[in-house]
Every structure is written in C-alpha cells, then in structure tokens.
Amino acid sequence: MRPGVVVALASATLLLLGAAPPGGGPPPLPARMADTGGGTQLITAQAPGTGSTSGTVTWWDLRDGRWTKAGSAPARFGTNGLTEGATREQGTNTTPTGLYDLPYAFGIKAAPPGTTYPYRRVGDDSWWCQDNDSRSYNRWTEPRAADCRAAESEHLITYGTQYAHALVVGFNYERPVRGRGAGIFLHVNGRGATAGCVSVPEEAMRRILDWADPGARPHIAIGTEGGRTAITRY
C-alpha cells in the first residue's frame with residue numbers, strides 16, 4: 001500500500017476514535033483509553049503517580065464522535081495515594097484505580113439547580129455501612145442496620161463539608177467483596193487528602209452534578225499518568 005494511503009487511513013481511524021489527526025496535537029485523554037464505559041459522558045481522575053495525593057478531575061462529552069472537555073478541576077486522592085482497584089484492601093487510605101459507573105448522587109445540601117441525576121438527600125439517620133460482617137456492606141442504610149456497627153460505618157451527616165454533594169463511585173458496589181473497601185465517592189474537598197475517595201472543590205462538584213446526564217451513562221476512570229495503573233489501561 002502506498003505511504004500516502006496509510007497516512008490517510010490512520011488519520012481517518014483517529015478521527016473515528018475521537019482523536020486528533022497527526023500534527024494536530026495529542027488525542028484527548030478518553031480517546032487514548034482502553035474503555036470509557038460505553039456512554040457519551042466520562043469523568044477522568046488522573047494523578048501523576050501512585051504516591052500522589054493530588055491531580056486533576058476532568059469531565060468530557062462525546063459529540064459527533066469526538067471527546068470534548070466540558071470542565072476540569074484540581075483533585076485530591078487518598079492519603080496513601082492510589083492502588084489497583086482489583087487488589088485494594090480496606091482501611092489502607094488508598095484510592096482505587098479503574099473504570100467505574102456512578103450509581104447515584106447524594107448530599108447534605110439540596111441538589112444543585114440543573115441536576116437530573118438521581119439524588120438522595122442525607123438525613124439524620126443516613127449511614128454508609130462499611131462493616132464487613134454486615135449484610136448491608138458497602139450500602140446506604142437508613143436507619144443504620146442492626147448488624148452494622150457504628151464504629152465500622154460513616155454517619156453521613158457528620159461530614160458536612162465533604163458530603164455537601166457527592167457521587168457514589170461504583171467501586172466494589174455491584175457484587176461487594178468483603179475487605180476490598182466501601183464508601184468510595186467523588187465528593188467535595190475536606191481539609192486535605194482523602195481516606196480513599198476523590199475530591200474536588202465544591203463549585204466543581206456542583207458543576208459536575210449540573211452536567212451529569214443519566215441518559216449519557218457517565219463513568220469515572222481513576223488512574224495515573226503511566227505505569228501499571230495508567231488511566232489509559234482502563
């Protein structure tokens with residue numbers, strides 16, 4: 001095949017994948033990923049390396065076959081950095097890498113104007129069970145389940161800053177593995193690094209909730225710039 005034909009075909013392929021043609025700069029991050037969840041919206045949470053506690057969250061739309069950045073914000077990760085989600089251990093204060101769905105949103109405050117995502121309001125009896133011995137492991141329970149110890153759970157309303165607004169990350173959610181971890185969210189920044197969640201400034205969280213469209217099946221990809229946990233592997 002003639003070289004010119006090869007270049008033309010390569011350019012067409014890149015455009016089909018939502019990427020930029022050669023000479024037009026690097027393709028957008030979602031176009032370089034192995035999987036984006038199959039929807040037309042995606043959130044990427046990328047850190048420089050596994051030891052990082054900060055990075056960037058970006059939210060994207062797939063329009064006319066091309067991924068377009070809708071917004072971005074500085075992000076925080078676990079106190080002990082990031083680790084492969086499939087082998088993560090509970091209590092390590094690490095953020096699990098991988099590609100996850102976003103089951104629903106919740107918050108102590110009312111849903112921001114424009115929110116169409118399923119949004120659950122936090123009340124005085126709202127808990128997130130993290131007790132490995134409970135049938136409610138890695139689930140919202142209201143009131144706290146009898147077999148879920150308070151010391152092994154989060155009383156959501158006590159996190160007034162972080163849980164003003166949040167999205168549940170589908171890590172270890174559909175079929176929970178005991179000891180893998182529970183209560184991983186995309187939420188509002190606290191004072192510093194997280195216990196394993198991803199956090200952003202409150203205004204960014206409000207913008208994300210205004211943007212997120214349940215019909216677009218948004219997912220979140222969490223990973224690093226390179227290495228075994230590179231975000232492009234998910």
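How many bridges join strand S8 to S10, and in which sense do the two run? Three, and they run antiparallel. S8 covers residues 127-129. Trp128 has Glu154 as its bridge partner in S10.

Before I go on, the ground rules. This is a predicted model, where local features need pLDDT of at least 70 and side-chain atom pairs count only at pLDDT 80 or more, while totals for chains, interfaces and linings use all residues. Residues are numbered from 1 along each chain as its sequence is written, and side-chain values use heavy atoms, with hydrogens and water left out.

Helices (H or I, at least four residues) and strands (E, at least two) are DSSP runs, numbered from the N terminus. Two strands pair if DSSP finds at least two bridges between them.

Back to that sheet. It is open, has three strands in the order S9-S8-S10, and its pairing is antiparallel. The edge strands are S9 (139-141) and S10 (153-155), each pairing on one side only. Twist averages 25° from one strand to the next; axes are lines fitted to C-alpha atoms, for helices over the stretch in contact, and angles run from 0 to 180 degrees between N-to-C directions. In the loop between S9 and S10 sits Pro143. The peptide bond from Glu142 to Pro143 is cis, omega near 0°.

Next, the hairpins. S1 (residues 41-47) pairs with S2 (residues 54-63) over six bridges, antiparallel. Gln46 is bridged to Thr56 in S2. Six residues lie between S1 and S2 in this hairpin. S2 also runs antiparallel to S3 (residues 66-76), with 10 bridges. Ser54 is bridged to Arg76 there. This second hairpin has two residues between its strands, and Asp64 in the turn has a positive phi of about 50°.

Now the interior. Buried means under 20% relative accessible area, exposed over 50%, partly exposed in between (1.4 Å probe, protein chains only). A nonpolar core is a set of buried Ala, Val, Leu, Ile, Met, Phe, Trp, Tyr and Cys residues joined through side-chain atoms within 4.5 Å. The largest has 30 residues, and Ile43, Val57, Leu167, Leu186 and Ile208 touch the most other members. Elements giving two or more residues to this core are S1, S2, S3, S12, S13, H2 and S14 (219-224). H2 gives the most, with five. Apart from this core lies another, of 14 residues, Trp128 and Tyr163 among them.

What about H2 itself? In this helix (residues 202-211), Ala204, Met205, Ile208, Leu209 and Trp211 are buried. Down the axis of H2, the buried residues fall within an arc of 160°, so they line one face. That arc is taken from the directions from the helix axis to the C-beta atoms.

Thr194 is buried, at 7% relative accessible area. Its side chain reaches the backbone oxygen of Cys197 at 2.7 Å. A polar atom of that side chain also lies 3.4 Å from the backbone nitrogen of Gly78. A polar contact is a pair of N or O atoms within 3.5 Å; within protein, one must be able to donate a hydrogen and the other to accept it, and residues adjacent in sequence count only if both atoms are side-chain atoms.

Last, Asn93. Its phi is positive, about 55°, although Asn93 is not a glycine. Asn93 is in the loop between S4 (82-84) and S5 (95-101), and is partly exposed at 30%.
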